[in-house]
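Here are some notes for a first look at this structure.

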Amino acid sequence: MDSPQPVEVIARFAPDGKVTPLRFRWRGSLYTVESTGRRWQAEDGCHILVLAAGGQMFELLFTAPDNRWYLAQAKSAPMAI
């Protein structure tokens, strides 16, 4: 994937500001997030590694200034997060 792709995300926003993605839609498919892993803040936003049903790993990117979500990377093989 060359550049982040916009995606629809359903997420929980905690009172302390922590955001946790729950589900997202990419290429017409709905993915349920089973767990979240490493997260880090970069110049382009908050990156969150997620493990979806079926063992697929994705890197989601949330840009707070415009409240948008992007899929930054998708891994085809299952990976530990």
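1. Two strands count as paired if DSSP finds at least two bridges between them. The model is predicted. In it, E2 and strand E3, which covers residues 19-26, are joined by six bridges and run in the antiparallel sense. Across this pairing, Ile10 stands opposite Arg23 in E3.

2. The sheet as a whole is open and is made of seven strands, in the order E1-E7-E6-E5-E4-E3-E2, with antiparallel pairing. Its edges are strand E1 (5-6) and strand E2 (8-13), because each of these pairs on one side only. As background, strands of a sheet pair through backbone hydrogen bonds, either parallel or antiparallel.

3. Which residues form one aromatic cluster? They are Phe24, Trp26, Tyr31 and Phe58.

4. Ring centres within 6.5 Å make an aromatic pair, and by this rule the model has seven aromatic pairs. For Trp26 and Tyr31 the ring centres are 6.4 Å apart and the planes stand at 40 degrees, so this pair is tilted. The tilted class lies between stacked, under 30 degrees, and edge-to-face, over 60.

5. Are Trp26 and Tyr31 buried or exposed? The cut-off for buried is under 20% relative accessible area. Trp26 has 10% relative accessibility, so Trp26 counts as buried. Tyr31, with a relative accessible area of 14%, is buried as well.

6. One further contact involves a charged residue and a ring: Arg38 lies over the face of Trp40, at 4.1 Å from the ring centre.

Terms used:
Residues are numbered from 1 along each chain as its sequence is written. This is a predicted model: local features need pLDDT of at least 70, side-chain atom pairs count only at pLDDT 80 or more; totals for chains, interfaces and linings use all residues. Side-chain values use heavy atoms; hydrogens and water are left out. Rings of Phe, Tyr and Trp (its six-membered ring) pair if their centres lie within 6.5 Å; planes under 30 degrees apart count as stacked, over 60 as edge-to-face and the rest as tilted. Buried means under 20% relative accessible area, exposed over 50%, partly exposed in between (1.4 Å probe, protein chains only). A charge sits over a ring if NZ of Lys or CZ of Arg is within 6 Å of the ring centre and within 35 degrees of the ring normal. Helices (H or I, at least four residues) and strands (E, at least two) are DSSP runs, numbered from the N terminus.
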